[in-house]
Amino acid sequence: MPRPNVFQEIENLRREMDRMASELFPFQARRQGTFLPGRAARQYPLVNMYDDEKFIYLEALAPGLNTQNLDVTVVHNTVTISGEKLHTAPDAKPEQYHRSERAAGRFVRSIELPTEVNDTKVTADYKNGILLITLPKAEKAIPRRISVKVG
Amino acid sequence: MAEKTYPTTTQQQEIVPEWEKTRTEERYIAPPVDIYEENDALKVVADLPGVDKDSVAVHVYNNILTIEGKPTHKASGNPVYSEFELVNFFRQFELSDAVDSERISANLENGVLTLTLPKSEKAKPKQISVNVS
């Protein structure tokens, strides 16, 4: 006799509950899933990486930070962004809140870069809530163009 | 304070084949907000990363507060790895009569928009002293 798959059963149950919830509250259920990952489960800040021939650009989505509470370090080819997003109103009591969707707290994230970088010339700019880190590629990581001779 | 989205004129679905349109519908996301109440005002704090002073619009019409933002931030270079996309921000809230919509003030700093919605006089809490006889 085949053993029942527990995970499959849980998944079926979850789907069934989702379906029931969506029938009860059709508008609410469509707007967001029933089981969203918690804030701590997500990586913060989210990053985008771009590059060109000489630089790597790392963009982090981190609105509302104070640059004094922000730390960017580079070791070999790993960038670490750490800091603290402060509460906008630390004195506000829970009963004063109508909505609280913006998270606050300490964070740290390390991002591995695809190439070695020249860690003495890294610059970081914070503008409109986006942190832009510009990392010059190490001399040996810059591609060298080799001319092809026609024999 | 209930969130309410007012649809722009919705037309009845006609039974005609759907053709691809030359102009795609604008994509937007709802920014996360904190709303908290102070003694004399309601504060709305919204995260609008990549939006600057000229590309944010806040307006109140028929007691509906609308926050709109178009990120102006442009990236240089070729994408290598991507976790987020900057699309337009849009969110609406229905205000009660207790908000004095004439005196709403807004401040944008580091991608965070803070709106101060002053309470109208009649909505302010009043202390009533209790006399012990």
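Predicted model: local features only at pLDDT ≥ 70, side-chain atom pairs only at ≥ 80, totals over all residues.
Biologist: What makes B:Asp34 and A:Arg102 a salt bridge?

Modeller: Their closest N and O atoms are 3.5 Å apart. The cut-off is within 4 Å, between a side-chain nitrogen of Lys or Arg and a carboxyl oxygen of Asp or Glu. So the pair counts as a salt bridge.

Biologist: Why can such side chains pair?

Modeller: Side chains of opposite charge can do so when their charged atoms come close.

Biologist: Why does the pair of B:Asp34 and A:Arg102 join two chains?

Modeller: B:Asp34 lies in strand β2 of chain B, and A:Arg102 lies in the loop between β5 and β6 of chain A, so the pair joins two chains.

Biologist: Is B:Asp34 buried or exposed?

Modeller: B:Asp34 has 4% relative accessibility. Buried means under 20%, so B:Asp34 counts as buried. A:Arg102 has a relative accessible area of 8% and is buried by that cut-off.

Biologist: What makes A:Lys137 and A:Asp51 a salt bridge?

Modeller: The closest N and O atoms of A:Lys137 and A:Asp51 are 3.3 Å apart. That is within 4 Å, so the pair counts. The pair links distant parts of the chain, 86 residues apart. A:Asp51 is in strand β1 of chain A, while A:Lys137 is in the segment after β8 of chain A.

Biologist: Why are A:Lys137 and A:Asp51 called buried?

Modeller: A:Lys137 is at 10% relative accessibility. A:Asp51 is at 18%. Buried means under 20%, so each counts as buried.

Biologist: Where do A:Glu84 and A:Arg106 lie in the chain?

Modeller: A:Glu84 is in strand β4 of chain A, and A:Arg106 is in strand β6 of chain A, 22 residues apart. Their side chains meet in a salt bridge at 3.3 Å, N to O.

Biologist: How many residues does the contact take from chain B and from chain A?

Modeller: The contact takes 36 residues from chain B and 32 residues from chain A. The two chains bury about 3,000 Å² between them, 53% of it on carbon and sulfur atoms. B:Glu83, B:Phe84 and B:Asn110 supply 22% of the area that chain B buries against chain A, more than any other three residues. There are also 23 residue pairs in polar contact between the chains. The side of chain B that touches chain A divides into 20 nonpolar, 8 polar and 8 charged residues.

Biologist: What makes strand β5 of chain A and β2(B) paired strands?

Modeller: They pair in the antiparallel sense over 3 bridges. The cut-off is at least two, so they count as paired. A:Ser100 stands opposite B:Asp34 in β2(B).

Technical notes:
Residues numbered from 1 in each chain as written. Chains lettered and ligands numbered in written order. Heavy atoms only, no water. Contact = heavy atoms within 4.5 Å. Buried area = accessible area lost by both parts, 1.4 Å probe. Polar contact = N/O pair within 3.5 Å; in protein donor to acceptor, adjacent residues only side chain to side chain. Nonpolar A, V, L, I, M, F, W, Y, C, P; charged D, E, K, R; others polar. Helix = DSSP H or I, 4+ residues; strand = E, 2+ residues; numbered from the N terminus. Buried < 20%, exposed > 50% of the residue type's maximum accessible area, 1.4 Å probe, protein only.
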